[in-house]
Amino acid sequence: MELKNYNEEALRRTLNEILEKDRTICRCEHCKLDVLAIALNQLPPRYVVADTGYVYAKLNEMLVQFNVDLTVALMRAMQIVGRSPRH
């Protein structure tokens, strides 16, 4: 078992969903990591260790506000990276 920030996993999944729909966003690994780093810094961490913590965090993901917060953080981060990509 390891310590992990659940928001990181959720952001990666949501970013991949956005990238599938929007072909205008750069898909290079550097830009994706920059977007994830910026978005993670906008959200409070959600660390989980035990399987029950993971289940709780997964249930929390079903909340509409959680999904909205993830999407807003990603969209802001994509705008920042898009204005000055470092690749």
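Modeller: Questions and answers on this structure follow.

Biologist: What kind of model is this, and how are residues numbered?

Modeller: This is a predicted model, where local features need pLDDT of at least 70, side-chain atom pairs count only at pLDDT 80 or more, and totals for chains, interfaces and linings use all residues. Side-chain values use heavy atoms, with hydrogens and water left out, and residues are numbered from 1 along each chain as its sequence is written.

Biologist: How far apart are the end C-alpha atoms of helix α1?

Modeller: Helices (H or I, at least four residues) and strands (E, at least two) are DSSP runs, numbered from the N terminus. The expected span of a helix is 1.5 Å times one less than its number of residues. Helix α1 covers residues 6-21, so its 16 residues should span 22 Å. That agrees with the model, where the end C-alpha atoms are 23 Å apart.

Biologist: Which elements cover the buried residues of α1?

Modeller: Buried means under 20% relative accessible area, exposed over 50%, and partly exposed in between (1.4 Å probe, protein chains only). The buried residues of α1 include Tyr6, Leu11, Leu15 and Ile18. Contact means heavy atoms within 4.5 Å. The cover includes β1, α2 (29-42), α3 (51-61) and α4 (64-83).

Biologist: What do the buried residues of α2 pack against?

Modeller: The 14 residues of α2 should span 20 Å, and the end C-alpha atoms are 20 Å apart, which agrees. Buried in α2 are Cys31, Asp34, Val35, Leu36 and Ala39. These buried residues pack against α1 and α4.

Biologist: How many disulfides does the structure hold?

Modeller: A disulfide is a pair of cysteine sulfur atoms within 2.5 Å. The sulfur of cysteine 26 has its closest cysteine sulfur in cysteine 28, at 3.6 Å, so it is too far for a bond. Cysteine 31 is in no disulfide either, as the nearest cysteine sulfur, that of cysteine 28, is 3.5 Å away. The number of disulfides is zero.

Biologist: Is cysteine 31 buried or exposed?

Modeller: Cysteine 26 has a relative accessible area of 32%, so it is partly exposed. Cysteine 31 has a relative accessible area of 3%. Cysteine 31 is therefore buried.

Biologist: Which residues does histidine 87 contact, leaving aside its neighbours within four places in sequence?

Modeller: Histidine 87 sits in the segment after α4. At 59% relative accessibility, histidine 87 counts as exposed. Its contacts, with those neighbours left aside, are Cys26, Cys28, His30 and Cys31.

Biologist: Which residues form a network of salt bridges?

Modeller: A salt bridge is a side-chain nitrogen of Lys or Arg within 4 Å of a carboxyl oxygen of Asp or Glu. Glutamate 9 pairs with lysine 4 at 3.1 Å, N to O. Arginine 13 also pairs with glutamate 9, the closest N and O atoms being 3.4 Å apart. The network links Lys4, Glu9 and Arg13.

Biologist: What separates arginine 13 and glutamate 9 along helix α1?

Modeller: An α-helix has 3.6 residues a turn, so residues three or four places apart point the same way. Arginine 13 and glutamate 9 are four residues apart in helix α1. Their separation is therefore about one helical turn.

Biologist: How many residues apart in sequence are the parts tied together by arginine 86 and aspartate 34?

Modeller: The side chains of arginine 86 and aspartate 34 meet in a salt bridge, 3.0 Å from N to O. Arginine 86 lies in the segment after α4 and aspartate 34 in helix α2, so the pair ties together parts whose distance in sequence is 52 residues.

Biologist: Which residues make the nonpolar surface patch of about 510 Å²?

Modeller: Patches are made of residues with over 30% relative accessible area and no salt bridge: like charges are joined within 9 Å, nonpolar side chains (Val, Leu, Ile, Met, Phe, Trp, Tyr) within 5 Å. Accessible areas come from the Shrake-Rupley method with a 1.4 Å probe; for residues, only the protein chains shown count as cover. Methionine 1 is exposed, with a relative accessible area of 75%. The patch is made by Met1, Leu3, Tyr47 and Val49.
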